[in-house]
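Please look over the structure shown here before reading on.

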Amino acid sequence: MKIRFLGPMDVSDGTLFADVGAPKIRSLLATLLVRPRQVVPIDQLVDELWGDTPPKTATTQVHGYVLRLRRLLGDPDGHLLVTAAPGYRLMLGEDDTDAARFEALAGEGHRELREGRPERAAELLGEALALWRGPAFADVPQTAAVTAEAARLTEQRLTALDARIDADLERGRHTMLIGELQQLVEEHPLREQAWHRLMLALSRGGRQAEALRAFQRVRTILVDELGVEPGAALRELHQQVLAGEVESPAPVPALPPICQLPADVPDFTGRRAPLDALGELLAARSPDAPPPVAVISGGPGIGKSTLALHAARRAAPDFPDGQFYLDLAGTSPEPRDPAVLLAEVLHALGVTGAAVPDGLHARAALFRSLLADRRMLLVLDDAAHAEQARWLQPPTGSCAAIITSRAVLTDLPGARHIELDVLDAAEAHDLFTRIVGAERVAGEPEHAAAILRACGHLPLAIRIAAGKLLGRPAWSLRVLRERLEDESRRLSELRLGDLGVRASFDLSVRLLPADAVTALRLFGILGPQTVPGWVVGPLLGRADADDVLDALVDANLARLTTTDATGQPRYRLHDLLRAYAAEGAEEIPHEARRAAVGRLLATWLDLATRAADAMPPSLFRPPPGSAPRRRARADVERRAVADPVSWFGTERSVLLGAVRLAADWELAELAWELATVAGTYDDHHSRYEDWQRGHQLALAAVRRAGNRLGEAVLLRGLAQVQIYRDDFPAATANLRRAVELFRKVGDKLGEGLATAGLGTIHRVLEENEPALAHAKQALDLVTAAGDRHTEAQLLSAIGAIHLARDDHDAARTWFDDALALARRLGDEHREAVVLREMSALHEPSTALECLRRARDIFTALADDRCVAYTLVKSGQIHARRGERASAVPDLELAAEIFRRYGSRLDEAQCWELLGTFEAENGNPAGATRHLDQARKLWRSVGATGRIPG
């Protein structure tokens, strides 16, 4: 799509959607959209934009707006927005706007419903409705023409919604519809059809009394508002409900129990009174009563979440339909949106994709409807305020909720409030003993009691103190007692009089050396990722900062979470502490913070580059940029280089966070190099989401900075993800722009690689002549650039194109050259690719041996996608030889790999091959099943011409 106006208007230049900008430009575009493919005279555009009081320069301004709009659309030559006397014409294709896509999908959905296929109808209509992001032309000044078109589209939206609800009613989803329908009749109280559907859903769901009340309500509204009685259809349904003659609902598949509770803590101690109170509250619930809601509140470190989870674990058997756990992130800078949380719950309840309604109210209504007849427990952890939690409260007493919050949340009606205090003496002693060890505490009971008194029996303080002792087995308890009894060294959070977040952490920070305080604050701006400990060194500008990290760990401020696959300990700040640290970082001068971020990102870039260099050569290695690089410690570098696959797998989310950090701090060169350095790993391991997200984050940064090389490299990378996901138009646009940018900056290798990408698209689409022309052009560019690994790849690609043209002699020549060059370079990955592709030139036994060798190499390199392509070729050979025991497993495994990585065209080919094999071997049922799956996948990417008959 190029233009979206089912909601706020935005346009795409082929890469990203962007706001249109000025109101006049929005009005201009809207006027052209109302009359697609028609010439709109300039005089008429002036009238639409300024009405009766146009400025003298109105015509000139219209021309200027057209030029700006063309730039936004990526249409500098005016092929889409055409100059046509006496005005302009917007030449829209069938899929150029969300409205056209909506009308096409809705029309197909209506047809499926008429022809008795409600499942498919609901899917299509849901997909159509999901395109709406708000009212049509939501941010466009309302002229008569725009208002009329918006009204037409709105009516179509309501019609599609009615049809989708009818489809869901036909397939027995009555209960799930009730909440949505209740919201719909509130928004459109005079639409009798909506009331009819609500009454039908209520009655089929066994809620006849509510259906009758709905009839009485709509009758009152119609009589009061319009002075008329309900129509015949409503009156007839009313009589059917009274007589109990509404047909029984179709069975809805049962939802398996949902068990989301995290593990209980092994050393949970005490809290008998609040535990009993929670147990009594949950046990006393009744389906006919309001839902029991408990709010556990208290200061930081008091144990709210621990208590909530322990109580929920104990009560879990009484909630056989499941237990939800939701982190509301109330103490983070951005508490989670209730609408997003509701979508998460609905997904767990089986409502996915377009079936999740738009808007907070509609999602909450559906959530309540789905929980109405279920017995479920919700744990809502770390609520920011009552409003955030209110939307997630269950509807009936068959369910219950436990909420934790720093605040008391007294404005939650009917809630039972449990405010936690510190542990009593016995509970504090028990917790301390469980951590330190009974023998050690029994040897120094007086010192243990003194430590607990200094800790104020606050659970967090006790865990910090006991943790220090656990990590220092040579210490006596007396050593810690004397440190805590020294007023100048005691943590302020250990005082009973101050249990707030700041008080809980302030003295911990004051006890730290200055470097540790700075490290903690800088740590806080890195985000929520779990990071390796070496990052503290670059943040402080030191080669080694283990002593600083130890100080943070000893104070229980940085938490050691695990040791990763490369043997590195990993650390994380608690969310509350991270917010506290980030706030403290504001005291560090801006330039000092920027320098710290720059040092860390430069270290990540150097380390990732060395890890990438240790992997097999790849087409997606970025060219060297000008970003600064900083060497990591030798042991850190050694781990990354020794096992780069595990290293990249471990650091995936951290590297994405580094790209985001670089973009946030406007370090554009670092942003694009960090985003692209993982290209080899992302390609071999099909990490498309990481690949795309990192490139998009960096792309925005390089465009702001006017960095043409970075933009070119990022566009080429994004295009490759789009090729893998069968989005060839977007990939083509990005690659053409990349070729142009590489040419401008004089990068022949980059230009060659982008040109090769265009050839790949033609080859996938079986357009062999343009594929060959692009590949040879790319080879000339790459050869001139001196990149032998890429040269080997292109030799192989040209051989594959000749093979597709049935020119076997030419194919053999190109493949032989590619194989010889790959082996001369020691490029195992490229050798395996050539072996796989040239297997088609051999007789079956030799071909299978080539494929076995290729598969072994790809497996050793953990390149699943290339393994799958190899399996397809071996499966085809086995199928032609009638070897079912080998053909079917090869093709099924390949299809599963392609499905996992979203390669729908490749997966479709596997099912087509399996379907053909089953048909030829007397299994018509299996053939039909596999071919139907292939058809579905071809259709999903719009490749209808390739659907097997």
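Trp534, Trp604, Trp647, Phe648 and Tyr681 come together in one aromatic cluster, where rings of Phe, Tyr and Trp (its six-membered ring) are taken to pair if their centres lie within 6.5 Å, with planes under 30 degrees apart called stacked, over 60 edge-to-face and the rest tilted. The model is a predicted one, in which local features need pLDDT of at least 70 and side-chain atom pairs count only at pLDDT 80 or more, while totals for chains, interfaces and linings use all residues. Residues are numbered from 1 along each chain as its sequence is written, and side-chain values use heavy atoms, with hydrogens and water left out.

**Aromatic pairs**

- The structure holds 10 aromatic pairs, among them the edge-to-face pair of Trp691 and Tyr724, whose centres are 6.1 Å apart and whose planes stand at 75°.
- This pair links distant parts of the chain, 33 residues apart, with Trp691 in helix H31 (residues 688–705) and Tyr724 in helix H32 (residues 708–724); helices (H or I, at least four residues) and strands (E, at least two) are DSSP runs, numbered from the N terminus.
- Trp691 is buried at a relative accessible area of 2%, and Tyr724 is also counted as buried, at 11%, where buried means under 20% relative accessible area, exposed over 50%, and partly exposed in between (1.4 Å probe, protein chains only).
- Tyr869 and Phe898 form another pair, which counts as tilted because the ring centres are 5.0 Å apart and the planes lie at 55°.
- Since Tyr869 belongs to helix H40 (residues 864–880) and Phe898 to helix H41 (residues 884–900), this pair ties together parts that are 29 residues apart in sequence.
- Tyr869 is partly exposed, with 23% relative accessibility, whereas Phe898 is buried, with 1%.

**Charges over rings**

- Arg865 lies over the face of Tyr724, at 3.7 Å from the ring centre; a charge is said to sit over a ring if NZ of Lys or CZ of Arg is within 6 Å of the ring centre and within 35 degrees of the ring normal.
- The charged end of Arg472 is placed over the ring of Trp475, at 4.9 Å from its centre.

**Two buried polar residues**

- Thr404 is part of strand E11 (residues 400–405) and is buried, its relative accessible area being 1%.
- The side chain of Thr404 makes a polar contact of 2.4 Å with the side chain of Asp381, and it also reaches the backbone nitrogen of Asp382 at 2.7 Å; a polar contact is a pair of N or O atoms within 3.5 Å, where within protein one must be able to donate a hydrogen and the other to accept it, and residues adjacent in sequence count only if both atoms are side-chain atoms.
- Leaving aside neighbours within four places in sequence, the residues in contact with Thr404 include Ile296, Lys304, Ser305 and Ala308, contact meaning heavy atoms within 4.5 Å.
- Asp747 sits in the loop between helix H33 (728–745) and helix H34 (748–764), and its side chain reaches the backbone nitrogen of Gly750 at 2.7 Å.
- Although Asp747 is buried, it has no salt bridge, and Arg716, the nearest side chain of opposite charge, is 8.0 Å away; a salt bridge is a side-chain nitrogen of Lys or Arg within 4 Å of a carboxyl oxygen of Asp or Glu.
- Beyond its neighbours within four places in sequence, Asp747 is in contact with Pro623, Leu709 and Phe742.

**Backbone features in loops**

- Most residues other than glycine have a negative phi, and most peptide bonds are trans.
- Phe137, which is not a glycine, has a positive phi of about 50°; this residue is in the loop between helix H5 (118–129) and helix H6 (144–170), and is buried at 1% relative accessibility.
- Asp806 likewise has a positive phi, near 65°; it lies in the loop between helix H36 (788–804) and helix H37 (808–825), and is exposed, with a relative accessible area of 63%.
- The peptide bond from Ala85 to Pro86 is cis, with omega near 10°, and Pro86 is in the loop between strand E5 (81–84) and strand E6 (87–90).

Technical notes
Lys and Arg count as positive and Asp and Glu as negative; His and the chain ends are not counted.
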